[in-house]
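This briefing is intended for a reader meeting the structure for the first time. Please keep the model in view while reading the points that follow.

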Amino acid sequence: MSFLLLIIGFFFLIKGADLFVEGAASIARKFNVPAMVIGLTIVAMGTSAPEAAVSITSSLAGQNDMSVANVVGSNFFNILIVLGVSAILAKLPVQKDTIKKDTPFLLFVSGLLLLFSLDLRVNRIEGLVLLVVFAYFLINTVKGAKNASSNSMAQSEVAMEIEVSEEVSMSKTILLSILGILGIVLGGDMVVNSATDIATAFGMSANLVGLTIVAVGTSLPEFVTSVVAIKKGETEIAIGNVIGSNIFNILLVLGLATTIKPIAISMLALTDIIFMVAITVLLYIFMKKDNSLVKKQGLILIAIYIAYMAYTIMR
């Protein structure tokens, strides 16, 4: 029964995020907000909504390990599986801005999370710092989008996920947004409760469930977006999608969760955060090598994910 509720919870999370994005983007368009700005804000936050719902719900429920493991596990999955599979499907060219700005910034925020976690606790002040850095990132990204005709993240989010009709009524768009938020909240609650039940029934730790089942489920929007992008020949989208999502997960999701309620970091979670920083460094090295990600590197990323998950299950 818990597995069924988990699946239903994932459905509400993903569908809720989709409805929220559609409704909010439609409202923004009615107020003449540029599509690029919508993509960099509303849609990007929408794809991180499942992680946010699960992490905040977990934090409030006292499931600190699951709260952190969900974000860290999602970032693992995005780099190692989403980009790994994408690189196998097609060569992924990396834009200069991604190498010079976006990925180094992801490294910075990953290192910042590690720094905050060294005392095995992320408090409200540190959570607020993450949110302030997020606001800085968002403002700079939107400014950059306005000053440049092409931005991989903006093109990614807008081209792949915004398909809103200009003729949808305001009442319908508001209703879609409300239904989306309700779906996200309900789905998050169902996922956390059912995942906790599964962990208890099978003697699994909340950390393990968060790193595997929950992380994979909440990363499905990013995975689907990247694979569809590859099939449509938009290979540059996959990397921008992952980098942006990982930044949002650390700054927005954990920032909100820890501001609402401080999170205790276990030694297992600290190990996972260190690993997350390490694979982000590896991704940066791969990108700089040939300004692209290729099949061989994709296979290495997938192999690392399998190996680390095996280690996680056995520890």
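Met-170 is located in helix 8, which covers residues 170-202; helices (H or I, at least four residues) and strands (E, at least two) are DSSP runs, numbered from the N terminus. At 32% relative accessibility, Met-170 is classed as partly exposed, where buried means under 20% relative accessible area, exposed means over 50%, and partly exposed lies in between (1.4 Å probe, protein chains only). The model is predicted: local features need pLDDT of at least 70, side-chain atom pairs count only at pLDDT 80 or more, and totals for chains, interfaces and linings use all residues. Residues are numbered from 1 along each chain as its sequence is written, and side-chain values use heavy atoms, with hydrogens and water left out.

**Surface**

- Met-170 belongs to a nonpolar surface patch of about 660 Å², together with Phe-31, Ile-174, Leu-175, Ile-178, Leu-179 and Leu-182.
- Patches are made of residues with over 30% relative accessible area and no salt bridge; like charges are joined within 9 Å, and nonpolar side chains (Val, Leu, Ile, Met, Phe, Trp, Tyr) within 5 Å.
- The accessible surface of the protein comes to about 13,100 Å², and carbon and sulfur atoms hold 68% of this surface; the areas come from the Shrake-Rupley method with a 1.4 Å probe, and for residues only the protein chains shown count as cover.

**Overall architecture**

- The secondary structure consists of 13 helices and four strands.
- Of the 315 residues of the protein, 56% are buried.
- Among contacts with a separation of 6 or more, 88% are between residues 24 or more positions apart; a contact means heavy atoms within 4.5 Å.

**Nonpolar cores**

- The largest nonpolar core contains 63 residues, and Phe-76, Leu-83 and Leu-293 have the most contacts inside it.
- At least two residues of this core come from each of helix 3 (49-60), helix 4 (64-89), helix 5 (96-117), helix 6 (124-147), helix 11 (235-260), helix 12 (267-290) and helix 13 (295-314).
- A second, separate core has 16 residues, including Leu-13, Ala-53, Val-191 and Ile-198.
- A nonpolar core is a set of buried Ala, Val, Leu, Ile, Met, Phe, Trp, Tyr and Cys residues joined through side-chain atoms within 4.5 Å.
- Apart from neighbours within four places in sequence, Leu-83 is in contact with Asn-78, Leu-92, Ala-238, Ile-239, Val-242, Leu-283, Leu-293 and Leu-301.

- Asn-75 lies in helix 4 and is buried, with a relative accessible area of 1%.
- Beyond residues up to four places away in sequence, Asn-75 touches Asn-246, Asn-249, Ile-250 and Met-276.
- Thr-103 is found in helix 5 and is buried at a relative accessible area of 0%.
- With neighbours within four places in sequence set aside, the contacts of Thr-103 are Thr-98, Ile-243, Tyr-284 and Met-287.

**Salt bridge**

- One salt bridge is found in a search of the whole structure; the term denotes a side-chain nitrogen of Lys or Arg within 4 Å of a carboxyl oxygen of Asp or Glu.
- The partners are Asp-272 and Arg-315, whose closest N and O atoms are 2.9 Å apart.
- This pair links distant parts of the chain, 43 residues apart: Asp-272 is in helix 12, and Arg-315 is in the segment after helix 13.
- Asp-272 is buried at 1% relative accessibility, whereas Arg-315 is partly exposed at 31%.

**Helix 13**

- Ile-304 lies in helix 13 and is partly exposed, with a relative accessible area of 23%.
- Although Ile-304 and Leu-80 are 224 residues apart along the chain, their C-alpha atoms are separated by 7.2 Å.
- Leaving out neighbours within four places in sequence, Ile-304 is in contact with Leu-80, Phe-275, Ile-279 and Leu-282.
- Ile-313 is also placed in helix 13 and is exposed, with a relative accessible area of 56%.
- Ile-313 and Leu-208 are 105 residues apart in sequence, and their C-alpha to C-alpha distance is 6.9 Å.

**Record annotations**

- An unreviewed UniProt entry lists "transmembrane region" for residues 76-93, 105-122, 128-145, 174-192, 237-257, 263-286 and 298-314; positions are given in the numbering used here, feature names are shortened, and annotations may be inferred rather than shown by experiment.
- In the model, residues 105-122 are 72% helix and 11% strand, with end C-alpha atoms 20 Å apart.
- Residues 263-286 are 83% helix and 8% strand, and their end C-alpha atoms are 33 Å apart.
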